[in-house]
Amino acid sequence: MFLQLLPVSPPPQGNSRLRTTNPTCFCQSLSSSFSTTALAATGNRIRSSAAADINTHASPGKYHTLLTRNKEWASKTAHEQPNLFPALAEKQSPEILWIGCADSRCPETTILGAHPGDVFVHRNIANIVHHTDLSSAAVIEYAVKYLKVKHVVLCGHTFCGGVTAALGNKKLGVIDPWLMPLRQLREENHEVLETLDPKEAGLKLVELNVLQGVRVLKENPTIIEAMQDHGLEVHGLVYDIATGALQELEIKEPVTLAVSRVTAFKTVY
Ligand SMILES: [Zn+2]
């Protein structure tokens with residue numbers, strides 16, 4: 001039903017793939033597209049109502065402001081670093097793969113004081129890493145095997161909504177199966193978590209989640225190979241939203257564990 005509401009006009013002609021968006025007219029063109037194609041063609045009252053809702057509830061102010069800021073940033077950056085964009089257009093050579101939470105308060109490039117091209121990124125709800133997630137697995141393989149990053153960083157953060165949800169019992173929907181690894185950690189560490197107040201329990205589960213994710217990363221055959229071949233390092237961090245500071249988690253493990261892990265998880269062609 002929703003798909004039928006999409007504009008059906010032909011795509012713009014000419015060099016439109018990267019056309020510059022005019023903040024003052026984007027909404028008008030979108031609205032026009034709705035009214036002259038899908039809506040006019042059907043005359044469907046329900047669709048008209050739905051489209052009206054979309055237009056009425058749209059809040060373009062912040063969006064348009066950000067598009068304007070992008071123009072200013074692009075112009076300023078090109079002036080200050082004239083080689084940056086031409087170099088990035090040729091290739092990328094990031095040294096860091098960052099796996100973090102999708103939370104809007106954790107923008108990795110900003111947190112690190114980095115620049116475009118510095119960090120290859122995968123973010124999801126609550127920075128969960130597990131072996132069967134095709135999305136993160138593809139990102140890891142591309143970053144480690146082909147871009148040959150030198151560091152893989154798994155970063156959790158304080159006040160994580162996903163962690164808070166996993167510490168509660170409210171049914172949320174499709175997010176629930178995604179949070180299962182966190183609930184398993186909650187189950188395994190029930191006795192400890194139960195002694196802590198909600199804030200402390202949240203932070204504890206954040207740390208446990210990062211440590212578990214690092215363990216999963218180190219079991220990834222691509223990462224094992226890169227660690228052996230050129231010393232790839234895997235790090236676990238927690239970002240404090242209240243201060244902006246990153247803290248590296250201390251990850252100690254006996255040599256025997258590292259050996260048995262490689263024995264169990266390394267695969268070769
Ligand atoms: Zn989060």
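Select residues 180-188 for helix 9 and 198-218 for helix 11: their axes come within 10 Å and cross at roughly 110°. That makes helix 9 roughly perpendicular to helix 11. The angle classes are: under 35 degrees roughly parallel, over 145 roughly antiparallel, 65 to 115 roughly perpendicular, and the rest oblique. Axes here are lines fitted to C-alpha atoms, for helices over the stretch in contact, with angles running from 0 to 180 degrees between N-to-C directions. Show side chains for Leu182, Leu185 and Arg186 of helix 9, then Leu205, Leu208, Asn209 and Gln212 of helix 11; they make the contact. Two residues are in contact if their C-beta atoms, placed from the backbone, lie within 7 Å.

A word on what you have loaded. This is a predicted model, where local features need pLDDT of at least 70 and side-chain atom pairs count only at pLDDT 80 or more, while totals for chains, interfaces and linings use all residues. Residues are numbered from 1 along each chain as its sequence is written.

Now zoom out and colour by secondary structure: the protein chain has 13 helices and five strands. Helices (H or I, at least four residues) and strands (E, at least two) are DSSP runs, numbered from the N terminus. Of the 269 residues in the chain, 19% are buried. Buried means 20 or more other C-beta atoms within 10 Å of a residue's own, exposed means 12 or fewer, and partly exposed is in between, with C-beta atoms placed from the backbone. Among contacts with a separation of 6 or more, 69% are between residues 24 or more positions apart.

In what order do the five strands lie? It is an open sheet with order 2-1-3-4-5 and mixed pairing. Strand 2 (119-124) and strand 5 (245-248) are at the edges with a single partner strand each, so one side of each has no neighbour in the sheet. On average, neighbouring strands are turned by 25° against each other, direction ignored. Two strands count as paired if DSSP finds at least two bridges between them.

Select strand 3 (residues 151-157) together with strand 4: they run parallel and are joined by seven bridges. Val152 has Val234 in strand 4 as its bridge partner. Look for Val238 opposite Gln247, and for Tyr239 with its bridge partner Leu246. Strands 4 and 5 form a hairpin with four residues between them, and Gly244 in the turn has a positive phi of about 85°.

**Next stop: the annotated residues**

Select Cys101, Asp103, His157 and Cys160, which an unreviewed UniProt entry lists under "binding site". UniProt positions use the numbering here, feature names are shortened, and annotations may be inferred rather than shown by experiment. They span 60 residues in sequence, yet no two of their C-alpha atoms are more than 9.0 Å apart, so they gather at one spot.

Centre on Asp103, in the loop between strand 1 (96-101) and helix 5 (108-111). Asp103 has 19 C-beta neighbours inside 10 Å and counts as partly exposed. Beyond four places in sequence, Asp103 is in contact with His157, Cys160 and Gly161.

Leaving out residues up to four places away, His157 touches Cys101, Asp103, Cys106, Val206, Val238, Tyr239 and Ile241.

Select helix 6 (residues 134-146) and helix 12 (residues 221-230), whose axes come within 9 Å and cross at roughly 20°. They are therefore roughly parallel to each other, and this crossing is left-handed. Ile140, Glu141, Val144 and Lys145 in helix 6 meet Thr222, Ile223 and Ala226 in helix 12.

**Last stop: two phi values**

Most residues other than glycine have a negative phi. Ala126, not a glycine, has a positive phi of about 70°. Find Ala126 in the loop between strand 2 and helix 6, buried with 26 other C-beta atoms within 10 Å. Finish on Phe159, whose phi is also positive, near 55°. Phe159 is in the loop between strand 3 and helix 7 (161-167) and is partly exposed, with 15 other C-beta atoms within 10 Å.

Note on methods: A crossing is left-handed if the near helix is turned anticlockwise from the far one by less than a right angle, and right-handed if clockwise.
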